[in-house]
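Visitor: Hi, I'm new here. Could you walk me through this structure?

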Amino acid sequence: MTAFQPGPTPLAPPGPERDPDGVRRMFTSIAGRYDLANRLLSLGTDSYWRWVTARQLAPAVGDLSLDVACGTGDLAMALRRRGGEVIGLDFTLAMLQQARRRDRSGRLLLTGGDALRLPFPDETFDRLSVAFGVRNFADLATGLREFHRVLRPGGLAGILEFSRPRGPLAPLARFYLARIMPALGRFISGCDGPYNYLADSINTWPDPGRLAELLRAAGFVSVSWRSFTAGIAVLHLARRE
Ligand SMILES: C[S@@+](CC[C@H](N)C(=O)[O-])C[C@H]1O[C@@H](n2cnc3c(N)ncnc32)[C@H](O)[C@@H]1O
């Protein structure tokens, strides 16, 4: 196991987890069991991470938020509960169908679309969020520029993503991500899914400081981040000037 090394991390070349057709196939195959797998594999902590993300973004009544790569809609629904209208966007139909089924309010707006070519005019949204989606983008810089483009001046983006564990519990967390999670994920979801790639893709994912640099390069200001649960997940907040 390698120790956490702060500093620039190169982006991995596109692998199966970042090829758009492969990503769609992967999420289509696990859509029906995605939520159950999340709750069991994270022992419910993923819901807390999304709750904090929604609270930090704090959309108000009258605000319009976009949840990119919304999947089955957890973060979009958490944002919706805080206020304003929320559009959830994803490019996997089976995940959107789960989101539609789960949204008891019936008020969540859902649309198909690619995060790298967002189907919205410039300066449309007050808030933009993405949870566990950007790691799958074929081109991260393009995605971040798209986020910046569709936010209104003063608008806030929140990016929640897995990261390399740090601190005293890091060895335990790494063992869990590399060994336990892929096996359990396969068992629960009944197929080879994103859990196989998780540990590898986390290792090649930019560390928080590097992702902050990429956000600034995309035009964002006031970039900050906070880590959750031994650094397994990190929330970046960034504002459009
Ligand atoms: C790990 S799931 C996360 C879902 C949800 N945000 C959550 O917190 O549970 C990743 C989602 O990102 C979507 N996705 C990945 N790349 C995308 C892209 N370029 N455009 C739109 N959706 C994308 C996948 O279809 C999948 O539903």
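Guide: Happy to; we'll take the sheet, its helices and then the ligand. This is a predicted model, where local features need pLDDT of at least 70, side-chain atom pairs count only at pLDDT 80 or more, and totals for chains, interfaces and linings use all residues. Residues are numbered from 1 along each chain as its sequence is written.

Visitor: What is the strand order in the sheet?

Guide: The open sheet has 7 strands in the order 3-2-1-4-5-7-6, with mixed pairing. Strands are DSSP E runs of at least two residues and helices are H or I runs of at least four, numbered from the N terminus; two strands pair if DSSP finds at least two bridges between them.

Visitor: Which strands stand at the edges?

Guide: Strand 3 (109–112) and strand 6 (221–228); each has a single partner strand, so one side of each is left without a neighbour in the sheet.

Visitor: And how do strands 5 and 7 pair?

Guide: Strand 5 (residues 151–162) and strand 7 (residues 233–239) are antiparallel, over 7 bridges. Glu161 has Val234 in strand 7 as its bridge partner.

Visitor: What does helix 6 touch?

Guide: Helix 6 (residues 140–150) packs on the sheet, touching strand 1 (64–68), strand 4 (125–131) and strand 5. Contact means C-beta atoms, placed from the backbone, within 7 Å.

Visitor: Switching topic: how many residues surround the ligand?

Guide: There are 20, and the closest are Ala69, Gly71, Thr92, Ala115 and Ala131. A residue is near if its C-beta atom, placed from the backbone, lies within 6 Å.

Visitor: Which helices supply at least two residues of that shell?

Guide: Helix 1 (20–30) and helix 4 (74–82) each do.

Notes. Two residues are in contact if their C-beta atoms, placed from the backbone, lie within 7 Å. Axes are lines fitted to C-alpha atoms, for helices over the stretch in contact, and angles run from 0 to 180 degrees between N-to-C directions.
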